[in-house]
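Please open the model in your viewer and keep the selection tool at hand.

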Amino acid sequence: MDRYLVISADCHAGLPNEDYRAWLDPGYRDAFDEYQRARVLMEDELRARGLRNDAFAEEWERENEEGLRGGWDAPRRDKELDADGVAGEVIFPDADAVTAGASAPFGAGLGTTGDHDPELLLAGARAHNRWLAELCATSPERRAGVAIVPILDDIDAAVSEITRARASGLRGGILIPSMWAPYPPYHDARYDPIWAVCQDLEMPVHVHSGAADRESYGEHVGIYVAEVRWWSTRPLWFLLWSGVFERYPKLRFVVTECGAFWAADLLWTSDIAYDREHAARKLGTQLSDALSMRPSEYFDRNCFIGASNTRRRELARRYEIGVGNIMWGNDFPHPEGTWPHTKEWLRNAFCDIPVDETQRMLGSNAAECYHFDTAALAGLAEQFGPTPSQLGQTGDDLSKWTELA
């Protein structure tokens, strides 16, 4: 293999906030104008409370002004992907992770929870999905767009939006809220029509980091940092232990931008409970009545991790997590990702990983999960993909772990 076929399982796109107005159903545009005014006031308040780093935002936008336009401009986006060595991408909402300047209306996006007005939330999601379908149509073989679908309030409306989004070309699946309160949790059978249509249409179901119990944190941002991944990974064990993957064996579920480190311990502790290891012997049959396999087997068959900016400490545990379940992402155009210095980050992380395993995590797993046509992407990979030697993968060094940074 001369070059890697790289597919980023975590990219972001979104219009500048005010530009979403044209994509909304006309009946919601007055509400949108009011929402925009409130949003400006909220951003000013966050700045005043020291919860926004204005100096960083100004520097980031100054240094990357042209590249950041790729959040909504298709030709510029392709230029940035090419420079990063990325042939294909899975696209989530919210292009601006610094000042929230490119986010879908009415709170639809990465931070969606059950507390939002359900009618407005669905209107905002539909506006984003319509626009995203047009962005993806510019390079359909290269882009797998993820539709925002609020599934908590109106199940029938959610099924309709999933079906419409898939027909419009959004083949990347759906993004659901990671926090469901005050609605029933995801083990409830009311959500079965969602899982069924996603299985039938081959639309992976996603949760993505963003939402958390912010009202509890006060001014302590560190508490948010400590908990945000937990809130986003939590739906996984609700689906697993309630038998959703047993009833829908072809459903694919993806946890994105939450790292991968947590999965090894989750699978270990879940399996020893299922196996009735010493500490779990007192538990009754109800523990595993909904399952016919060990939790790790469902995870291996049904689940993937969109492990953005994958770290060496996580790669060291790749056999516990599953080499076939980890999907790398550059998080374009967010500053916490690897863009615009992806090849340097890849060299630091993958320098001593075997080539076949590297290819699985950098692209092959995502190609399987999202049904990318790898032949259609081969030309881009041949032009822009990194080579094993560029990642420092020489035969003498492979699998010699020197640090776990």
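A salt bridge is counted where a side-chain nitrogen of Lys or Arg lies within 4 Å of a carboxyl oxygen of Asp or Glu. The model shown is predicted, and it holds 20 salt bridges.

Select Asp78 and Arg143 to begin: their side chains form a salt bridge with an N to O distance of 2.8 Å. Because Asp78 belongs to helix H4 (residues 74-84) and Arg143 to strand E3 (residues 143-145), this pair ties together parts 65 residues apart in sequence. Asp78 is buried at 17% relative accessibility, and Arg143 is buried at 1%.

Next, select Arg130 and Asp25, whose side chains meet in a salt bridge at 2.9 Å, N to O. Arg130 sits in helix H5 (residues 118-137) and Asp25 in the loop between strand E1 (7-12) and helix H1 (29-48), so the bridge ties together parts 105 residues apart in sequence. Arg130 is partly exposed, at 25% relative accessible area; Asp25 is also partly exposed, at 28%.

Finally, turn to the second largest pocket, with a volume of about 300 Å³. Select Glu61, Leu68, Trp72, Asp96 and Ala102, the closest to its centre of the 18 lining residues. Helix H2 (54-63) and helix H3 (65-68) are the elements that each give two or more residues to this lining, and H3 provides the largest share, 3 residues. By class, the lining comprises 10 nonpolar, 3 polar and 5 charged residues.

Note on methods: Residues numbered from 1 in each chain as written. Predicted model: local features only at pLDDT ≥ 70, side-chain atom pairs only at ≥ 80, totals over all residues. Heavy atoms only, no water. 1 Å grid on protein atoms, 1.4 Å probe; cavity = no way out; pocket = protein on both sides within 12 Å on 5 of 7 lines; lining within 4 Å. Points joined across faces, edges and corners; volume = space filled by probe spheres on them. Helix = DSSP H or I, 4+ residues; strand = E, 2+ residues; numbered from the N terminus. Nonpolar A, V, L, I, M, F, W, Y, C, P; charged D, E, K, R; others polar. Buried < 20%, exposed > 50% of the residue type's maximum accessible area, 1.4 Å probe, protein only.
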